[in-house]
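Welcome! Let us walk through this structure together, one part at a time.

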Amino acid sequence: MAGHDTLLGLDIGTTKVAAVIGGRGAEVKLLGAASVPCEGLRRGTVVDVEETTRAIREAVTKAQRSAGVELTDAWAGITGQHISCMNSRAEIQLPRGNRQVAWTDVERVMAASVRAVSIPPDRQMIHAVSRGFQVDNEPRVRNPVGLSASRLGVETHIVTASRNLVANVARSVEQAGLRIAELVAEPLATADAVLSEDEQELGALLIDVGGGTTDLALFLEGSIAYTGAVPAAGNNVTHDLAIALGITHPAAEQVKLTHGCARAGGVPEEEIIPLPDDEEERTVTRRFVAEIVEARVEETFRLVRQEMGRLGGKWPPPGGAVLTGGGSLLPGIASAAQTVLGCRVRLGRPRVTSGLVHLLESPALATGVGLVYYAHREAETGRAEAAPELRVLPILGRAIAWVRDLFSS
Ligand SMILES: Nc1ncnc2c1ncn2[C@@H]1O[C@H](COP(=O)(O)OP(=O)(O)OP(=O)(O)O)[C@@H](O)[C@H]1O
Ligand SMILES: [Mg+2]
């Protein structure tokens, strides 16, 4: 990985492919970006490789042109409901005699934690992220390298995905003439761009409301505890409107974008809106539109709440929930989320501190920007042996790459 001065993040989403390019340095600087519509996916899953390849090629060409660079390697996002996760633990004894924990011990214990779970043959591991080490009796040590110990334990967050579905993403990227530097679970990348350090430390849920799926990343005590997705998002809202109003999907999308609101109660009853491209020139109350939108949005957050309930932990996390993704642009959505989830909710945009701020601050680009941040950290850790105290996940990035390579076949 060393030697690459620029990094390409590829968000292959249900409605669009976004390519974001960043330059390496002490801090990543965003240099170029492009987003093009793509119809090759359904609910986060590639169903048309050719169309996806076309969109990737177009997005990358445009992003390269805007950045003035050419790239061959991509950090490609994996999304969809097939993403799932589990947390595992392992412990190893270190040889006697006031011994310091070495990098190889970290690798050994992480590998043991991955071996402790069984991953079905039709699934593959995408990440193994250390959630914290136990050094003798001291829990939650971020970087144990150099500490004296006789026992080393680890808790590991393992993200897996469907082997076939990952292969379809990989094929689309490769057919577009790119090499895959790394496959990254999109919720992790998005969290990287949107959640603050405080939110990660306190514990918070990232909710990326996309077109096909609503991606989730739950942080507790400074590390990732859950990665997943629920199968409802912006496209379902559009679909419901198309059915309820008896109009086409493009017309329904237009109604949603111009008049949509997730809080029906606040919409004056007398507001009338015309249906677009309607031969009979029908009208409808904006309140009615909002009622349809609200029902689906609330249903989506109920699914999210259910998924969190399944985890069995304490709800809500102290840092509340953060909404991002194109779907989060819907007026009233934060209030709807707050009601259903019963916690503080804020709207999140990707943190962009250098370069292209105006262009990239859209919540729809959170994943693309996050992929570049992720790539930047991985590339930096690949160079420095064991970077101490990495700000966010993955703590000890090199161990992750190593463990994954060991188990991917
Ligand atoms: N201003 C807006 N108001 C309401 N909804 C919006 C707005 N802008 C975009 N959307 C919706 O956001 C959704 C697309 O969001 P996004 O680009 O994050 O999805 P994606 O990444 O392509 O899909 P996924 O993450 O599900 O694979 C669409 O359903 C679109 O209608
Ligand atoms: Mg998305």
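This is a predicted model: local features need pLDDT of at least 70, side-chain atom pairs count only at pLDDT 80 or more; totals for chains, interfaces and linings use all residues.

Because 7 of the 7 residues of S1 (residues 6-12) are buried, the strand is largely enclosed by the rest of the structure.

Which strands pair with S1? One of them is S2 (residues 16-23), which pairs with S1 in the antiparallel sense over 7 bridges. A hairpin of 3 residues links S1 to S2, and across this pairing Asp-11 has Ala-18 of S2 as its bridge partner. Strand S6 (residues 73-78) is also joined to S1, here in parallel and by 2 bridges. In S6, the residue opposite Gly-9 is Trp-75.

In soluble globular proteins, nonpolar side chains tend to be buried together. Here, the largest nonpolar core has 116 residues, and those touching the most other members are Leu-10, Ala-19, Val-20, Ala-33, Trp-75, Leu-206 and Val-369. Domain 1 (85-159 + 393-407) and domain 2 (234-296) each give at least three residues to this core.

Setting aside neighbours within four places in sequence, Leu-206 is in contact with Pro-187, Thr-190, Ala-191, Val-194, Leu-195, Leu-216, Ala-217 and Val-322.

Now for the ligand. Which residues come nearest to ligand 1? Among the 24 residues around ligand 1, they are Gly-13, Thr-14, Gly-210, Gly-234 and Gly-326. The shell around ligand 1 consists of 5 nonpolar, 16 polar and 3 charged residues. Helices H6 (234-245) and H7 (249-259) each contribute at least two residues to this shell.

Our last stop is Ser-328, found in the loop between strand S17 (321-324) and helix H9 (333-341). Is Ser-328 buried or exposed? Ser-328 counts as buried because it has 24 C-beta neighbours inside 10 Å, where 20 or more are needed. Leaving out neighbours within four places in sequence, Ser-328 is in contact with Val-209, Leu-323, Ile-333, Leu-347 and Pro-363. Along the chain, Ser-328 and Arg-349 are 21 residues apart, and their C-alpha atoms are separated by 9.6 Å.

Methods. Residues are numbered from 1 along each chain as its sequence is written. Chains are lettered from A and ligands numbered from 1 in the order in which they are written. A residue is near a molecule or strand if its C-beta atom, placed from the backbone, lies within 6 Å of it. Helices (H or I, at least four residues) and strands (E, at least two) are DSSP runs, numbered from the N terminus. Ala, Val, Leu, Ile, Met, Phe, Trp, Tyr, Cys and Pro count as nonpolar, Asp, Glu, Lys and Arg as charged, and the others, Gly among them, as polar. A nonpolar core is a set of buried Ala, Val, Leu, Ile, Met, Phe, Trp, Tyr and Cys residues joined through C-beta atoms within 7 Å. A residue is buried if 20 or more other C-beta atoms lie within 10 Å of its own, exposed if 12 or fewer, and partly exposed in between; C-beta atoms are placed from the backbone. Domain bounds come from an automatic or database domain assignment. Two residues are in contact if their C-beta atoms, placed from the backbone, lie within 7 Å. Two strands pair if DSSP finds at least two bridges between them.
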